[in-house]
Amino acid sequence: MVAALQQQYWSRTMSRSSIWRMLEEADLQPHRSVYWLNSHDPDFEAKARDICQLYSNALRFYHQGRLVICADEKTGMQILQRAYPTQPVQPGKPEKREYEYIRHGVRALLASFVVPTGHLVWNLGPTRTSADWAVHLANVVHQLPDMQRYDWVIDNLNTHWSLEVCRLVAQWCEVPFIPQALLRGVQRRAFLSDPTHQHVFHFTPKHGSWLNQVELWFSVLARRFLKRGDFDSVQDVDTCLCDYLEVYNTHHAHPYRWTYTGQPLVRATPFSQTRRQQCQGRAWFSPRPKRFERAFYPPRPYKRSAALLVANL
């Protein structure tokens, strides 16, 4: 940047430290570049607002007999066995896992996250077909308490709006099931999203699966269970994973604090005051004064004498 300024403006010179101070004051990091996924859904704002309203009112809906559920699947969970034993943590040294592994296949976890309570209902198997998804939904409804209405938040995967799911929802809601009227995906999604049904499906917008709260739980599962996994068979991972899920439901289940409201995340949005969001650039408020404030308005000196301070001890 210094070389570019010298080429464009021969009469002006600026040091690297001056440019660094200007960039820091403006919170610009031109050396960084990250990926992002743009949603081209024309109804993104409306769909996101509808889902966020479900999350913000989930507890009140629960007391009124209406339950909000987030459902999705985590596929391709590899069953890895380390070629050599893991070295435990030692003073000054982290845990060491062997890089080489023996692969014993994959598993698919179909999970439904109950938003107001944080509990999880799951099915574990080798596949995630539309029949598997319908069996999972039937298992969830069988385990959940009787409610006047169920709101399901799911993404747009084709297995989530298959004909088997429509048949199951029609049976639950006691409405006629006409396969000839549900030949296209648009018709099936409209049938599942009918607000007059007892079970209403809310589909996330395209490239907006992060609006599904079960994705937050999947990230916790990957960090706490899959990342350090060392399994020698399919039965081993099934047993360990079921034990982990049982312990989670009995001791660690909790609802998530959802802060996104459907509005763009800008610096002036005071939705939280965490240090992490300040570092990521989503919030620009800090108790520390800005650079110009520290230069022109220094803190007042402590005027109490040392003798008075010693007398108060």
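Which residues have the most contacts inside the largest nonpolar core? They are Leu137, Trp152, Val169, Leu192 and Phe201, and this core has 30 residues. The model is predicted: local features need pLDDT of at least 70, side-chain atom pairs count only at pLDDT 80 or more, and totals for chains, interfaces and linings use all residues. Residues are numbered from 1 along each chain as its sequence is written, and side-chain values use heavy atoms, with hydrogens and water left out.

A nonpolar core is a set of buried Ala, Val, Leu, Ile, Met, Phe, Trp, Tyr and Cys residues joined through side-chain atoms within 4.5 Å; buried means under 20% relative accessible area (1.4 Å probe, protein chains only). Helices (H or I, at least four residues) and strands (E, at least two) are DSSP runs, numbered from the N terminus.

Helix 6 gives the largest share, 7 residues. Beyond its neighbours within four places in sequence, Leu137 is in contact (heavy atoms within 4.5 Å) with Trp152, Val165, Leu168, Trp172 and Phe201.

An open sheet of 5 strands shows mixed pairing in the order 3-2-1-4-5; two strands pair if DSSP finds at least two bridges between them. Strand 3 (120-125) and strand 5 are the edge strands, each pairing on one side only. Strands 2 and 3 run antiparallel and are joined by 6 bridges. Phe113 has Leu120, in strand 3, as its bridge partner.

Methods: Buried means under 20% relative accessible area, exposed over 50%, partly exposed in between (1.4 Å probe, protein chains only).
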